[in-house]
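Biologist: Before we turn to individual residues, could you show me how to read burial and contacts in a model like this one?

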Amino acid sequence: MTMLSNFAGIISGGNFTSVTTNVDETSYSGFGLLAKNTCIEARHNSGNHSDESKCHPGTRVEILKQLEEWAAGAKYNPPIRWLHGPAGAGKTIILKTVARILHDQKILLADFFFRRTAAGRNNADQLFATLAYQVCINIPASRSYIEAAVKKHPLIFGDSLEDQAEALIIDPLVQLSDDKGLPKHCARVIIIDGLDECHDADTQCEVLRVLEKTIQKLPAPFAILIASRPEHRIRLMFDLDDLNRSSSRIALDATFKPDVDIKKFFLDNFHKIQKHHPLRALPPMSEPWPTAEIVEFLVQKASGQFIYASTVIKFVDSSRHNPAHRLGVILGSKTTGSLKPFGQLDDLYSTIFQALDEEDRMATLSILPILLSSEVYTGTHFSRRPMRAHERVPSESSKTPKFLESFLGIESHEIRRLLIDLESLLAVTADDSPITVFHASLPDFLFDRFRSGPFFIDQGMTNERMARQCLNLCFASHSATMTNYLAQKLSWFLHNATPTPELENAVRSFDIIKLASLRNDEPRIGNYGLHRLCEPVLRGIQKSMIPNAEDIYIQKVDIYKTFLQKKMAAYLENRLTHILLFSVTPRQDLGYVSASDGSLVLFFPVSEEISKIDRDDGLWFLTQADGILRPPLFLLGDLIHDVMQHEETTSYTDLALHLAKCMQQGSSFYVSGSEMAVVRDGGSRAESPATSNMNGVLPAILLKSAIRSDLVEHLSDDRIGSEYREQQGIRDAICDYLTRAKSQGFGGIEPSQNSLVLKTCPFQIGPRKSSEQIIHAHAYSGAEPWQLVAYSGPIQVTLGTQRKVKLLSVVESPLEVSANTKGSGRSWTPLLFNITLIVAVVAFLLATVSAYTV
């Protein structure tokens, strides 16, 4: 007996026996057969959708407006629009809302919403049948053409996607257009959502290819709106020639201000819970509930992704539980027990990590901690305390593949390859571009064993591995970015590392003197070990959980102190470097830290003598290249206090005296003219760094200074530069100091602020090493600026390369001059200004005539 496959009968001994079946598809009408192969649940208005069907009122206004205006347009150029965004950003809700709007406006032709966990919606088998079914409904005139295609080929639903699109959509609509013409206002927009949730990447690409061909063959006007995560394969397809030309893109990113929408979503829903929840009074909620601070914390944790906000509200709004207690679970102040407050979010993360290649999963999970370490500061619970220094975010340059290559020893192209399948959670672009993590809640998932399961990252062991790597990198040649990263994170890694024997050995054998002695070739970094890394290493050791951590810390600190004491000796032998050493030490009682912002560096001329001491025998506070002060040294303040013992007042007075000399024109310490205020267009003047820094530090220093005749004399000197005189803080500080001096018996002092209006030539402005005024002018045709320099002697004019010049503006008006006579009340300023201007113009004309004569 022989049986023929796919044949409804049996041939035996030459006799034919017919056998009927229950699956004869020809028994269906064309439309019935189409309906049988349709995934009804994939439509936007299906009753089987378990998720929300539209955006929260008052949110997503801008993106909805853009998409609605695009869909309502008379022409679509280009005809395909791709809305992309990270996992959980709310793309599906946006497209469902758009679908409802377009359906009400009779513009929606068809839609299909993929969903990874829903049968029939997680593949493309029924995609074009579902679209064709809706075309029949929304363009009734097309139904007969589509039915005829199904009757002609009842097994069309098993053909390729391209053949299905051709037979069920393209040909019927083209024939209708040719025979009768399309209805004047027919539905014309197709919506495809969640393409990335179609189970196979190859199928996703095939869907895009077929959709692009479909839209090109359809009679105008038709358009397709597609939404998906920016998965690698999908993104590459949109970069290809045909699809690239036929499409435009919208990134669902921060430009649409999602934080504002998420905050409104939280506030509206919390208000609803507070007013209507059945257990809202058990116990009574405080007012306001929750606080604005907690709402802001939740908004930041959402990081622009609506799935976090939706998950939180669903958990808190459970009708069988107290909402205040459930919110406490979310914030980490209440134990979770067997609860799974982030179940929906955890499912999303688990699905994404499950899709990683098995061979690459461990390597990928080893890269993530260094990216996520920037996201983890105060733990997973809500905290009201301010962020500490070691918790601050490292620079964005420490998140690039190039940086990760130098830190982890993995080539940057391999890092990018390993992270490709996580592009719905993070964005990887170029080697020197920061990797962006879309979800601030991702570390909470990965670092929680009960939530992440097989994808759990042991944070303690990760910190241990990274701490040992940081200790090794301290002695390697590396960039300023690496130095900054080590300075900010090394102490944190040590503090939070699991105390393994390997880490203990690494800490015990760490050579703190070798680190303190290292110098970087980059002049702005200087001795990077001493100024940037010694303190985080020592503090990290002290805070670590390794055995005998305190003993190891004390031992290394003693070695470090001995090193600093030897270096300090070179500064104490020279009075100016002695003051410099004192000035760069943080003084918390003064309310300023001079070295951290360079407040005093402008007032210490970097002579060759000081540079040599600092460079050869000192602590590298300065560099010969830029004269910028390095950050304060760990423990230096304590050592200086020990050396000076009870002489701090004397040192403050010496420092104040030096600063007073720096403000006096003609002094050898007078601040360089390069620090003069910048002249803006229009003649306005920007504040000089010298004056603003002096205004910040001098009042605090004078408060700590003793009344001493040499300081009183210099503060009473008429030569104090005008820029300093104009600063209210400086005037008040000098006035207060002179008042104290007068009260202690110093005679001849008039501490009123009027006495600080100096007797000075109108041309004299500071800070300059000589008495001069710079007048800026520019040639008509872009010539180099020329300067009119007025000394006490003859006026000199310097011309640029062009002969024709035009005087534009004086740097500043002449200083106010006062004879300091009581009762006269007369000001000579206008007269002196006119004289000054006349002299300047005459000098300019003489110089011009002389130049033309030559």
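Modeller: Buried means under 20% relative accessible area, exposed means over 50%, and partly exposed lies in between, with a 1.4 Å probe and protein chains only. This is a predicted model, in which local features need pLDDT of at least 70 and side-chain atom pairs count only at pLDDT 80 or more, while totals for chains, interfaces and linings use all residues. Residues are numbered from 1 along each chain as its sequence is written, and side-chain values use heavy atoms, with hydrogens and water left out.

Biologist: Is Asp196 buried or exposed?

Modeller: Asp196 has a relative accessible area of 6%, so it is buried. Its place is in the loop between β5 (189-193) and α7 (201-217), where helices (H or I, at least four residues) and strands (E, at least two) are DSSP runs numbered from the N terminus. Contact means heavy atoms within 4.5 Å, and, leaving aside residues up to four places away in sequence, Asp196 touches Arg116, Gln204, Ser228, Arg229, Glu231 and Ile234.

Biologist: Which residues does Glu162 touch, not counting residues up to four places away in sequence?

Modeller: With that exclusion, Glu162 touches Arg209, Val210 and Lys213. Glu162 belongs to helix α6 (residues 161-179), and because its relative accessible area is 26%, Glu162 counts as partly exposed. Although Glu162 and Val210 are 48 residues apart along the chain, their C-alpha atoms are separated by 5.6 Å.
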